[in-house]
Amino acid sequence: MASLRCFLRSGKNAVSAVLRREFHRTPPAAVQVTVRDALNQAMDEELERDERVFLLGEEVAQYDGAYKVSRGLWKKYGDKRIIDTPITEMGFAGIAVGAAMAGLRPICEFMTFNFSMQAIDQVINSAAKTYYMSAGFQPVPIVFRGPNGASAGVAAQHSQCFAAWYGHCPGLKVVSPWSAEDAKGLLKAAIRDDNPVVVLENELMYGVPFEISEQAQSKDFVIPIGKAKIERQGNHITLVSHSRMVGLCLDAAAVLAKEGIECEVVNMRTIRPLDAEAIETSVMKTNHLITVEGGWPQFGVGAEILARLMEGPAFNYLDAPAVRVTGVDIPMPYAKILEDNSVPQIKDIIFSVKKTLNV
Amino acid sequence: MQNMLTVIANALKGGAKMNGAQTVSEGTRVVVSARSFADLTPQASFDIKRCDLHRLDEGPSVQTVLTREEGLRYYRTMQTMRRMELKADQLYKQKIIRGFCHLYDGQEACAVGIEAGINPTDHLITAYRAHGYTYTRGVSVNKIMAELTGRRGGVAKGKGGSMHMYAKNFYGGNGIVGAQVPLGAGVALACQYQGKKEVCVTLYGDGAANQGQIFESFNMAALWKLPCIFICENNKYGMGTSVERASASTDYYKRGDYIPGLRVDGMDVLGVREATKFAADYCRSGKGPILMELQTYRYHGHSMSDPGVSYRTREEIQEVRSKSDPITMLKDRMISNNMASLEEIKDIDAEIRKEVEAAAQFATSDPEPPMEDLCNHIFHNDAPLEVRGTNPWMRLKSLS
């Protein structure tokens, strides 16, 4: 079986991949796809596959999507399947949940997850908890998706990361794709899942192209929810992150490799259920851990990972305290110089690695 | 003798400028004025469109008196707002302004008319299309533009940006659609509580008009008779969605149900002023809230990332510009009633251009905020705080 390993740094130069030769096989045709197009394909394929699937949200239909993620879908599927809503999140999220309860499979788009705060009661109390409260009688097969976290220059009310908030709640699945392949596979998996799934996309990643494998081009390609991926192997230290920060970790790893420090980069892919096993296995190999996230430190994704590590088998393998690299604990400022210094940069990761390894 | 002649010559020259001297040929300065200052009409009466009323027996007056001084002031304010927004457009395209930028050009008569109908001690809150209101509520063009460019001289020290500018009795600048409406009702509650006969003008758009929290605010404001003027600026589109596609009822002035309402031509600054005065009197008398719908139009798209022509035609935009532009309408009224001269208006335009250009200069040359300011302003009146940076070894300082 040919294996294809792609090393991609924020969509820049693809490092060459090595294939094991099989005499009767030609190299798989890899294709460049942006994250936006991958999400678009995922929705297109699932809309085609199952007529109970429909998309609703602000500007998703005639405007082609505020960030053009749903481009062309309204033209193809029409008013019944692609619905423009008024600017009323609490209302349309509730409507989406109700539709899911009655047998449909809605994709509810929040223009950004900041606006989901207006509707969060419907996501948590109406969607996440209902299957439990009904003792298995009433499932809610719904997907909530949209861009999450910091963008560029959009200031405090439009830059929050909700991974920790949604990741906190039982009854919800929460995924956070990084690459185009992640985006496609996880969104398809989310739509096929019979449970409420929150898909945290990232606006800054939408335009980034990635090579996706032939396997990923298939209409049945799904990535299992709850499984992390090792993006880069290494022996000295484990870097765990999700979404855009995975790219930064890979960039930092490339710089550190020149100094002989080999980082293992783990792409979480799923926030909840958290793949603690993958992280523990890695830490038991490298003996050092750093988590990297865009969100705030207190009660964040990194905090949970570090806690699990303390409580699990990998604790005894740590040679240094595990550490979190996070956004600065402030509302997001507007001015560029302040904003740039409010989120982790590559140098912060490198600094933390060296401090942890004591080099 | 020589001095006196100079003084007289200067006085005549200055007078000629004010009196709108008709030049014999381009470029020559003519001291003898064709019209004298005394010839201009100091005030005139104007008809305004009758408002559509909801649960009101009578509405604002259909006639209003405009003085020359008022007219020039409204003109100057609207024109400054216009030029400021166009300059912001330019700077955004040069990537000197980044992030979100929602421009107000076309809607100037709303902000200026409202301000003319209330007192500086009254309160106002709006959504994210806020640059115009920031100006009418007293913030200088310099401080607005420097905030857009994210510099330390900005009204929020560069930390807020386009949607988060504040001033005394002006509560922003709010990024979340509709959230400002309960806030405005709350300001009105404080006004009532403090007994100073002040009112709060609470603005929202046609897109926000369907938000549940607005109806919650209507209910409490009416129940408790809060001195709140709810104003819906209906510019026909909520981002890319026309009013017909978003609202089951587009009679926004009636959507307050038990709250009386009026629908006003938002392109006529005098109409807006009269309606606002009417509404403010109503609220101040303790009768409770009132709702105003201003029918207006934005020339730009929803924001700088929206070209604004995928959901409406260029012909429509052009039609509004040529037939209903608020600044042109005021200018034409004043000129045709001999309340101002073309020369004078041109001079004002030139002054404003210079002022806005200078503000843009300031906004582009002012330095960015200092890194020491990164963590400040988390809490008010609190002891200095330690804030975690991007890693546990980075301990930053936060002052109130």
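1. In this predicted model, chain B is built from twelve helices and twelve strands.

2. The overall dimensions of chain B are consistent with a globular fold: a compact globule of 400 residues would have a radius of gyration near 21 Å, and the value of 23 Å found for chain B therefore agrees with that expectation. Taken along the principal axes, the C-alpha atoms of chain B fill a box of roughly 75 × 60 × 50 Å.

3. Among contacts that link residues at least 6 apart in the sequence of chain B, 69% join residues at least 24 apart.

4. The accessible surface of chain B amounts to about 17,900 Å². Carbon and sulfur atoms account for 53% of that surface.

5. The charged side chains of chain B comprise 49 positive and 46 negative groups. The centres of these two sets lie 3 Å apart.

6. The size of an interface is often expressed as the accessible area lost when the parts come together. For chain B and chain A, the area buried between them is about 3,700 Å², with 61% of it on carbon and sulfur atoms. Of the area that chain B buries against chain A, B:R98, B:T390 and B:W393 supply 20%, more than any other three residues.

Notes
Residues are numbered from 1 along each chain as its sequence is written. Chains are lettered from A and ligands numbered from 1 in the order in which they are written. This is a predicted model: local features need pLDDT of at least 70, side-chain atom pairs count only at pLDDT 80 or more; totals for chains, interfaces and linings use all residues. Side-chain values use heavy atoms; hydrogens and water are left out. Helices (H or I, at least four residues) and strands (E, at least two) are DSSP runs, numbered from the N terminus. The radius of gyration is taken over C-alpha atoms; the globule rule is 2.2 Å times the number of residues to the power 0.38. Contact means heavy atoms within 4.5 Å. Accessible areas come from the Shrake-Rupley method with a 1.4 Å probe; for residues, only the protein chains shown count as cover. Lys and Arg count as positive and Asp and Glu as negative; His and the chain ends are not counted. The place of a charge is taken as NZ of Lys, CZ of Arg, CG of Asp or CD of Glu. Buried area is the accessible area (1.4 Å probe) that two parts lose on being put together, summed over both.
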